[in-house]
Number of protein chains: 2
Amino acid sequence: MKKKSKISDAVIRRLPIYHRFLNDVINKGIVRISSSELGDLTGFTASQIRQDLHNFGGFGQQGYGYNAVELRDKLSEILGLNYTYDSVVIGAGHLGSAIARYKGFRQSGFIIKALFDVDKNIVGNKVDDVPILDMADIVSYINENNISVVVITTPKAAVDDVLNKILQCKIKGIWNFAPVDIVLTDKSILIENVKLNDSLLKLSYYLKEKEEEDK
Amino acid sequence: MKKKSKISDAVIRRLPIYHRFLNDVINKGIVRISSSELGDLTGFTASQIRQDLHNFGGFGQQGYGYNAVELRDKLSEILGLNYTYDSVVIGAGHLGSAIARYKGFRQSGFIIKALFDVDKNIVGNKVDDVPILDMADIVSYINENNISVVVITTPKAAVDDVLNKILQCKIKGIWNFAPVDIVLTDKSILIENVKLNDSLLKLSYYLKEKEEEDK
């Protein structure tokens, strides 16, 4: 493929946001949208949006705005939504079950084939149609089913054991919800650490600032 | 209080990360830590860390590093961890239950007093010690119990109805997991939108980039 210059992480973080708001306007029947209108919706400036999209080649026509469906479809392609990844969720507690059940992940191309847990009392159960399997079998399952993405929802203490197992397999990515940053020396495996607690501490900071301002 | 200059959102996003890694080193019995060592752990540069901390006044001593416990405690204070917020979770499905059960949120000062749901079949049940109450009663419950933070874990379609109810009350913050950005005209209410799907699309983008590189 064509050699591309590296796109910054900040740009990549904004693309899903544009994509989401474009889906919303398309659902409302809107056909064309300007960068300023998209800016009003997303909170970014029009020039930021034009610059971000410019990284991926020409979109829209000066003064005419973007065709919403075309731009959304192009963003889908950039975001890799035309690929699908067979995935498993490790940890079949409430969070793992919520993830297995949420339809939005399937729309993003992540197909959850199984949950894994160490708790023999729930192994054999299902979450909707997704079976809960024994954590002892995960290595052979991943290898035999070409699983490429692993979602981790275990407690922090279990993460080392989980990594010991899944790093024996040829996986491509990890979506980590455990409250610990996973950093691997093997950079060929992509990791997205969700860090829910950091999000909560950010809220905590702003709440405290407000308490002190209001004093 | 002392008038402070506004700290950028990027700095605020890094503070919880420093805080988390400091807790880890303290648990390992480490007493002093340099900005380079903290940099190696967190992936930020030593100079970035020094600059971030400088926003909040002097820490550490040139050449001696930081006292880990002192720095952690100071960050706790900056992050508002000495405040507590009585909170409720709206939506008692898997995600809401996972949040009600997770002990880390209590450590961050968010005390979950109740879950709310529209499903009469689960109203009256408990998640650990936390009762599931009827969504019809939420306005009076928030007012009578001085609830200041609301966690939303409902489907997207329910969010408008949830906001109609909770904006009748004097709440201070919203932690939103529903797959929609909440933006309010009333800027006195702080909102943290979690956007799990954006996180997944970011992973999708990098996986696709890798697929294309490997071709």
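What percentage of the interface residues of chain A are also interface residues in chain B?

Mentor: The figure is 98%, so the copies meet through the same surface (contact means heavy atoms within 4.5 Å). This is a predicted model, in which local features need pLDDT of at least 70 and side-chain atom pairs pLDDT 80 or more, while totals for chains, interfaces and linings use all residues. Residues are numbered from 1 along each chain as written, chains are lettered from A and ligands numbered from 1 in written order, and side-chain values use heavy atoms, without hydrogens and water.

Chain A superposes on chain B with an RMSD of 0.0 Å, by a turn of 180 degrees and a shift of 0.0 Å along the axis (least squares on C-alpha atoms with pLDDT of at least 70 in both). The two copies are therefore related as by a two-fold rotation axis. In chain A, the C-alpha of A:H94 is nearest that axis, 2.4 Å from it.

Consider now the open sheet of seven strands in chain B, ordered β5-β6-β4-β3-β7-β8-β9 with mixed pairing. Its edge strands, β5 (126-127) and β9 (190-193), each pair on one side only (DSSP runs: strands E, at least two residues; helices H or I, at least four; pairing needs at least two bridges). Two bridges link β5(B) to the antiparallel β6(B), residues 130-134, and B:K126 stands opposite B:P131.

Helix α5 (94-101) of chain B lies across β3, β4, β5, β6 and β7 of chain B, at about 155 degrees to β4(B) (angles, from 0 to 180 degrees, are between N-to-C directions of lines fitted to C-alpha atoms, for helices over the stretch in contact). From chain A, helix α9 (196-214) lies across β3, β4, β7, β8 and β9 of chain B, running at about 170 degrees to β9(B).
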